[in-house]
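This report goes through selected features of one protein chain. The sequence and structure are shown first, and the notes follow.

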Amino acid sequence: MIRVATYNVHRSVGRDGRGDPLRVARVVEEVNPDVLALQEVAYRHGERGHLLDLLAEALGAQVVEGMTLEDPRGHYGNALVSRLPIRELSHVNISVPRREPRGAIEALLDAGGQTLQVVATHLGLRPMERRHQVRALLRVVDASDASTKVLLGDLNEWFLLGRPIRWLQRAFEETRALPTFPSRRPLFALDRCWVSPSASLSRLYVHDSSLARLASDHLPLVADLRLPE
């Protein structure tokens with residue numbers, strides 16, 4: 001059994017307006033994932049107690065940074081945290097001109113001798129962006145011969161019948177949409193996880209602890225996978 005999760009950490013700023021990477025790290029420890037996709041990670045190199053350093057130590061994991069932009073608040077973007085050995089790694093630029101830069105991290109992981117493809121991403125705010133980005137990500141998924149494939153992240157897709165969701169459903173088969181946003185009272189399924197083959201998905205749930213409701217404006221989405229023999 002392998003546990004994967006996706007979590008938009010909102011620069012580690014909680015609903016109380018306070019930035020607290022340690023609090024976010026404690027939420028991740030509650031989830032205890034083997035593979036974790038993160039969005040809205042604030043990168044502050046050299047800062048003691050940085051979130052990614054905390055997670056690497058807490059989970060005994062490798063960390064892959066996927067910076068997408070730099071603004072006055074510092075570097076910012078995606079990350080992938082993995083306890084599983086990383087066989088191959090690539091960064092995919094899915095940006096759309098004149099919109100906020102976006103990216104994805106593709107990792108081929110060693111899952112007990114099998115290859116697990118994980119694509120972690122954070123899509124744009126406009127429907128046109130998301131259509132372009134989902135098409136690009138599906139090409140990445142299709143190009144892999146991994147035995148199990150997972151695409152996860154904050155898809156920013158408010159419309160459950162929108163074209164990007166329909167394309168993903170056709171590629172991966174239907175997967176439940178579980179509300180993760182806003183964390184205090186989740187109404188929208190912005191954070192998603194698709195798995196192929198779908199039979200590998202044993203359990204999909206939202207981690208809804210009191211600490212998670214406070215630590216970010218999103219709740220973690222968690223999937224337990226049982227890989228084929």
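Ser200 is buried, because its relative accessible area is 2% and the cut-off for buried is under 20%. The model is a predicted one. Ser200 sits in the loop between β9 and β10. Leaving aside neighbours within four places in sequence, Ser200 has contacts with Thr148, Val195, Asp224, Leu225, Arg226, Leu227 and Pro228.

The loop between β9 and β10 (201-206) also holds Pro197. The peptide bond that leads from Ser196 into Pro197 is cis, with omega near 0°.

## The five-stranded sheet

An open sheet is built from 5 strands, in the order β5-β6-β7-β8-β9, with mixed pairing. Its edges are β5 (86-93) and β9 (191-196), each of which pairs on one side only. From one strand to the next, the twist averages 15°.

At one end of this order, β8 and β9 run antiparallel and are joined by 6 bridges. Val150 has Val195 of β9 as its bridge partner.

## Ile105 in strand β6

Ile105 belongs to strand β6. Ile105 counts as buried, because its relative accessibility is 0%. Leu89 lies 16 residues away from Ile105 along the chain, yet their C-alpha atoms are separated by 7.4 Å.

Which residues does Ile105 touch, not counting those up to four places away in sequence? They are Val64, Glu65, Gly66, Asn78, Ala79, Leu80, Leu89, Ser90, His91, Val118, Val119 and Ala120.

Helix α3 (residues 127-143) lies across β5, β6 (103-111), β7 (114-122) and β8, and runs at about 175° to β7. Helix α4 lies across β8 and β9, at about 25° to β9.

The loop between α4 and β9 contains Pro182. The peptide bond from Phe181 to Pro182 is cis, with omega near -10°.

## A nonpolar surface patch

On the surface, Trp158, Phe159, Leu187 and Phe188 form a nonpolar patch, and together they have about 430 Å² of accessible area. Phe159, one of these residues, is in the loop between β8 (148-154) and α4 (163-172). Is Phe159 buried or exposed? Phe159 is exposed, because its relative accessible area is 54% and the cut-off for exposed is over 50%.

## Strands β1 and β2

Strand β1 (residues 2-8) runs parallel to β2, and 5 bridges join the two. Asn8 stands opposite Gln39 in β2. Strand β2 (residues 35-43) has 9 of its 9 residues buried, so the rest of the structure largely encloses it.

Glu40 lies in strand β2. Phi of Glu40 is near 55°, a positive value in a residue other than glycine. Glu40 is buried, with a relative accessible area of 16%. His10, found in the loop between β1 and α1 (21-31), has a positive phi of about 55° although it is not a glycine. With a relative accessible area of 29%, His10 is partly exposed.

## A salt-bridge network

The structure holds 10 salt bridges. Side chains of opposite charge can pair when their charged atoms come close. Asp16 meets Arg18 in a salt bridge of 3.7 Å, N to O, and meets Arg23 in another of 2.9 Å, N to O. Arg18 also forms a salt bridge with Asp20, at 2.9 Å, N to O. Through shared partners, these salt bridges join Asp16, Arg18, Asp20 and Arg23 into one network.

Arg23 is buried, with a relative accessible area of 3%. Asp20 counts as buried at 16% relative accessibility.

Conventions: Residues numbered from 1 in each chain as written. Predicted model: local features only at pLDDT ≥ 70, side-chain atom pairs only at ≥ 80, totals over all residues. Heavy atoms only, no water. Patch = residues over 30% accessible without salt bridge, like charges linked within 9 Å, V, L, I, M, F, W, Y side chains within 5 Å. Areas by Shrake-Rupley, 256 points an atom, 1.4 Å probe, with all protein chains shown as cover. Salt bridge = Lys/Arg side-chain N within 4 Å of Asp/Glu carboxyl O. Helix = DSSP H or I, 4+ residues; strand = E, 2+ residues; numbered from the N terminus. Buried < 20%, exposed > 50% of the residue type's maximum accessible area, 1.4 Å probe, protein only. Pairing = 2+ DSSP bridges. Axes fitted to C-alpha atoms, helices over the stretch in contact; angles between N-to-C directions. Contact = heavy atoms within 4.5 Å.
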